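Good morning, and thank you for coming.

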Amino acid sequence: MRVFLLVVFGMLLMGGVAQAHPLSNLSVNHYDGLRVFPDRVELRSVVDSAEIPTLQDRDFVDARKRCAERAKSLNAMADEQELRFEVRDADVVRPPGEAGLPTMRLTCEYTAFLPVRGEVEVTFSDSYLKDKPGWREITVAGVDVAVSGAPAESITNELRTYPSDLLSSPLDVRAVRFVAKPGEGTVITPPGVLGEATKAAVGLVGNLTPVVGIGAVLLSLVLGASHAALPGHGKTVMAAYLAGSRGTRRDAFLVGATVTITHTAGVLVLGLLLSVSSVIAGESVLRWLGVASGLLVAVIGGVLLRSAVRSRGRMRHDHGHGHGHGHGHAHRRAGLVGMGVAGGLVPSPSALVVLLGAIALGRTWFGVVLVFAYGLGMAATLTAAGLLLVSLRDRFGSRLARFRKYADFTPLGTAALVMLVGVGLATRALAG
Amino acid sequence: MPTSNKQRLRRGAIAAAVVAVAAAIPAAQASSHREAPLIAADPAVDNTDVYAFTSPDRPDTVTLVANWFGLQEPNGGPNFYPWATDARYDLNIDADGDAMPEKVFRFTFTTDDRRGGKSPTFLYNNGPVTSINDDNLLFRQNYNLELIEGSKTTPLVRNGRAAPSNTGPASFPNFATIRDQATSKIPGGGQVYVGPSEDSFFLDLRVFDLLYGGNLKEVNQDTLMGYNVNTIAIQVPKTMLALKGDPKRNPVVGVWSDTEKRSLKLEPGRATPQGDFVQVSRLGNPLVNEVVSSAPIKDAFNGLQPVNDAKVQALLDRVNDPELARLIQQIYGIPAPKTPRADLVEIFLTGITTKAGGPIKADLNSQLNNADVDPKKFAPSEMLRLNMSTPVTKDPNRLGVLGGDLQGFPNGRRLADDVVDIEIQAVVGAAQTGKLVPALAKGDRVNKNDVRFGDKFPYVGLPSNRAVNSN
Amino acid sequence: MWKTIPLLAAVLAVAACASPQAATPAATQTASHALQRNAESLQAKLRRTPQDAAAWAQLGATHVELARVTFDPQHYSRAERALTESLRLRPESNGEAFIGRGALANAKHDFASARDWGQRAVSALPDNAQAQGVLVDALTQLGDDAGASVALQRMLDLRPGVASFTRAAYHFELHGRVDDAREALNRALESASSADEKDFCRFQLDELKGRTNEEALEVYRGLVAKAPSPDYLVKYGRALDKAGMPDEARAQYDLALQQLRALGGDDLTAALIAADHGDPAEALRFAEKEWAKRQSVFTADAVAWALQANKRSAEALRYSDRAVALGWRDPEVLRHREAILGSLR
């Protein structure tokens, strides 16, 4: 079991190693996503700098300031009237790139006032760092406004993937001209991976017949179950804890229930937030939740460690074991709940996708059902795993009696491991 | 949709592979070793086409047209297309059939740049140019024309004015005037024009891609529509070209153009590193690189003097067994004629004659048919051959000789001859059988030029002044 | 982070269902110049006839040129793939692909393999100037001056033009014949038919002439903004030093070193920077590594300067002698030499 845990732990850490920058370590890539509303234009502007330009960029202080500077190289005219982009939000992440060098992904959210009452022709150009090699992409979508003349969807997924067809040239779009007029908008999808996957969910939820409905619920259950079966988050920790401490079958159910509730709640809250506002970048929220979840696990580990050390000390004195049982009981239950919370805190992206898709189609309640089913699936897997471990331990526990002195170390070891995994999770989330 | 699904998935896989490849390439690329251009083209000295025909309005003269610097985009911007000043632009005449020119019309250029030193790349002209001597014209080129006959050199035109590149309607409101002004007289009754023109060649360039692995269904678009070239057109009395000055006894002349450029000598110790003139480009029959030549011999061919053609076995092999015929057989099932292709040897290397034992039973355009040619000195070589005694056809057939119109290609070449279709037909054996191959009758389905040709010298279309992509 | 398999499956499914989009929509503007247009027309051709090995080879070679002109290294991976495809279609006597491979190897500073590709290209296309050009570049960098001269003269006689004239200029410069180099560059400039070729010639002419400090600052600031390669960073740093901005200069050297240490690349440049602004031992390590690969005037200068940085002036002089043996009078090389001679006095 320990070997298994160590392997899993290793996998978790390995998973955090970032891949090389997709284009080259010299490029600075630009994406401008315009969303035209009846009263305004919102612009998401992403600048993805590879390793070397990031190193070179020594003047960077903070994202908001940079976004304000960046606005100067944006030029937009709506029928002779110049649009002024005000920074609404700014965010920067620095994913590690090649050889551990940082890269930089700056996301600026701007708003410009633009009433679309009749037909309006808009030109938009971006000359930021115009000499640097890199991709340049501009998309335009309408929200309750019909737009035509420019692509609506990012083919680079907002500079996350770069099409590499040898027979088409890299995108180098620095300006667009489009016409906006009142009318039906482009289907609103959150941008990015979420947006892409939401479309899948839209496909799923869109034509809701009873068969499709039941199918969707079942699919969500399966997705949840398989998500939980993958190594990651607090699940393994929980398993270790159940195996190492003297967990009962009830404990296994408790963990399952906690995970389901936390996860469903988490997804609902985040999903609703995301659908209400595009300000919150999905990824950064997930990252902070990841950090929180890791820290929570670490804290639980710490608490467990303390109690394990104490009870072991007492055992030495009492030459017996059994006394410590009652003492640690409340602690343990709290620990289990905490573990469940940690396990459910980071909403699974696929569950989020399902929910957002449903919201986009005006079937929010069905989405909630699906998310709940997803959580149930997760809980089922976790509980099953817990039950399996508990029964395994009960069956083989007696044979292990002669290894009692090792067994004494088990709570201590697991507690330490739990803490370590927690720290690992938090670090990984931070780095990502 | 299924194919596009597959493509998408495959693209994903490729993307993953690329990430791996990209990661393996070191960052520091531009650096201490100087990376000079490698595949730099030199269009200013690249021959694109040669035409030779009896002038329809002056049948006692012959007009020779040679083009360089293909695919000029007349986009009205700062782009213009000068002649090289370290090169010799030659039109060669071989009337005695020894594959060496008795007469060379040689054009050399000088630049008269009045733009001053301030912004050397900008402003070709400074306002509209209404005449060739307009002060607004800041970048000018002049040429000397000499006639070289063996060791004798006769200057024909000194400091002739080349017409400028047509940089758009705002700069050149009436280019025809300028072209007229850039046409000079030649002593002895000839005239010459040097300057831009709309590319007379018309074809769908894609036809060759397709023959080399596709199908002919997509063609029918003049790929060269709207592009200009640098043209030298010269009209001279037939007596000036014919062997012994007698076009009655010796009506056939061989014609080709070439460009020589001055090289550079590296060896130390010389005062200036000037080198010899080397031949960098050569053109006689149209499409010779596409139809006859091939990548490995293309470079050699451009530097090869016609007198050495017969010594290059690879070239002879290509004429005798053209790849194109085999490709057409593969794609269209039209059987390739038996090899060696003596008919193609006649068309490309000797001229059509009964005197060289070829299969085409006609005496049309070989120097061997000239009364004063010594057959022992005759050397097969690739050049355009014109029988100056063939009368001007009133209603020309675009398929020339194959279409029953003896005045057309391969008997010389008129501006309107559809050489792509003619050569494809010839390659599948139409000259041998005398019958057109119906399956290919439509050819590239571009049958005439997009711009009308003139009916007086220099005949070529006025240079286009609209950006190609704005059509 | 997003490593859940169900999500991946969902995204793949979506990607597969999504309607294919044109990479360059009509309403957008695309930067273009001659090479880019060339690449695009080759791409169009290859869409019609993907079996055309020659066109794949030309596309590959065009990407190598584009990388040089745009400073965008993604063209290298595109070149690599196009050339691989060409060689897959026609592995033997594919001279054009050999040229592309050689050009790519030269660009990646793998000069030994560039020489091999160049030789293969020359035997497949004996009258091709580009094949000679690949060989010229490789042999020059490997230190085979005689071989490079022969190939270059052949190149000049096959195609006197921008490609051969600019190489001749470099040859003259390495032999200390600055006037001839200028003359060759002027002829190259006259033959240049595209803006990037003209820019290259003018840039080299200015380098020969020497720039005033303001000019140098401006030129290298521009280049570093475009492509912060170690070489340009060092030149920019030097200009900053001269302009009395040592801190700014230091930052450029540091950036160059950081880049070279982390990402690898050109050991020659690394050696020179480290000798001046870094660790002498590291400098010598870099220089000797490159010297093991090629014994040219460039590496001789680098080894000399690295030895000098390690206070081994007597040994340094031997290498410095080799660096100037052809007559090369580069100001930096002379500065190194004077310092070495100075400490021996």
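I shall speak about confidence, then about sheets, and finally about pairs of helices.

Please keep in mind throughout that this is a predicted model. For chain A, the average pLDDT is 73, and 64% of its residues score at least 70. Two stretches of chain A call for caution. Over residues 1-22 of chain A, pLDDT stays under 50, and the model has 37 contacts beyond four places in sequence for this stretch. Over residues 188-195 of chain A, pLDDT again stays under 50, with 25 such contacts in the model.

Let us turn to the sheet of chain A. Five strands of chain A form an open sheet, and their order is 5-6-2-1-8, with mixed pairing. Which strands stand at the edges of this sheet? They are strand 5, residues 86-93, and strand 8, residues 136-142, of chain A; each has a single partner strand, so one side of each is left without a neighbour in the sheet. On average, and with direction ignored, neighbouring strands of this sheet are turned by 15° against each other.

As a reminder for those new to the subject, strands of a sheet pair through backbone hydrogen bonds, either parallel or antiparallel. In chain A, strand 1, residues 28-36, and strand 8 run parallel and are joined by seven bridges. To place this pairing on the screen, look for A:Arg35, whose bridge partner in strand 8 of chain A is A:Ala141. Helix 3 of chain A, residues 63-70, lies across strand 2 (40-49), strand 5 and strand 6 (104-113) of chain A, and it runs at about 125° to strand 5 of chain A.

We now move to chain B. Here, too, there is an open sheet of five strands, in the order 1-2-9-8-7, and its pairing is antiparallel. Strand 1, residues 47-54, and strand 7, residues 183-186, of chain B are at the edges with a single partner strand each, so each has one side left without a neighbour in the sheet. The neighbouring strands of this sheet are turned against each other by 15° on average, direction ignored. Within the sheet, nine bridges pair strand 2 (residues 61-72) of chain B with strand 9 (residues 228-237) of chain B in the antiparallel sense. B:Leu64, for instance, has B:Ile234 of strand 9 of chain B as its bridge partner.

Other strands of chain B can be followed one after another. Strand 3, residues 87-94, and strand 4 of chain B run antiparallel and share five bridges, with B:Ile93 opposite B:Lys103 of strand 4 of chain B. Strand 4, residues 103-113, is in turn joined to strand 5, residues 139-149, of chain B by 10 bridges, and these two strands run antiparallel. Along that pairing, B:Phe109 stands opposite B:Tyr143 in strand 5 of chain B, and B:Thr110 has B:Asn142 of strand 5 of chain B as its bridge partner. In a regular strand the side chains alternate between the two faces of the sheet.

Strand 5 of chain B is also joined to strand 6 (residues 152-161) of chain B, by seven bridges, and the two run antiparallel. B:Glu149 stands opposite B:Lys152 in strand 6 of chain B. How many residues lie between the strands of this hairpin of strand 5 and strand 6 of chain B? There are two, and B:Gly150 takes a positive phi near 60° in this hairpin.

Finally, we come to chain C and its helices. Helix 9 (residues 162-174) and helix 11 (residues 195-209) of chain C pack at an angle of about 15°, with their axes 12 Å apart. These two helices of chain C are therefore roughly parallel to each other. The contact involves C:Val162, C:Thr166 and C:Ala169 of helix 9 of chain C, and C:Glu197, C:Phe200, C:Cys201 and C:Gln204 of helix 11 of chain C. By class, four of these residues are nonpolar, two are polar and one is charged.

The other pair is helix 18 (residues 313-323) and helix 19 (residues 331-344) of chain C, whose axes come within 9 Å and cross at roughly 145°. Helix 18 of chain C passes helix 19 of chain C in a left-handed crossing. Among the residues that meet are C:Leu317 of helix 18 of chain C and C:Ile340 of helix 19 of chain C. The residues of this contact divide into seven nonpolar, four polar and one charged.

Thank you for your attention.

Terms used:
Residues are numbered from 1 along each chain as its sequence is written. Chains are lettered from A and ligands numbered from 1 in the order in which they are written. This is a predicted model: local features need pLDDT of at least 70, side-chain atom pairs count only at pLDDT 80 or more; totals for chains, interfaces and linings use all residues. Axes are lines fitted to C-alpha atoms, for helices over the stretch in contact, and angles run from 0 to 180 degrees between N-to-C directions. Helices (H or I, at least four residues) and strands (E, at least two) are DSSP runs, numbered from the N terminus. Angles under 35 degrees count as roughly parallel, over 145 as roughly antiparallel, 65 to 115 as roughly perpendicular and the rest as oblique. Two residues are in contact if their C-beta atoms, placed from the backbone, lie within 7 Å. Ala, Val, Leu, Ile, Met, Phe, Trp, Tyr, Cys and Pro count as nonpolar, Asp, Glu, Lys and Arg as charged, and the others, Gly among them, as polar. Two strands pair if DSSP finds at least two bridges between them. pLDDT is the predictor's confidence in each residue, from 0 to 100. A crossing is left-handed if the near helix is turned anticlockwise from the far one by less than a right angle, and right-handed if clockwise.
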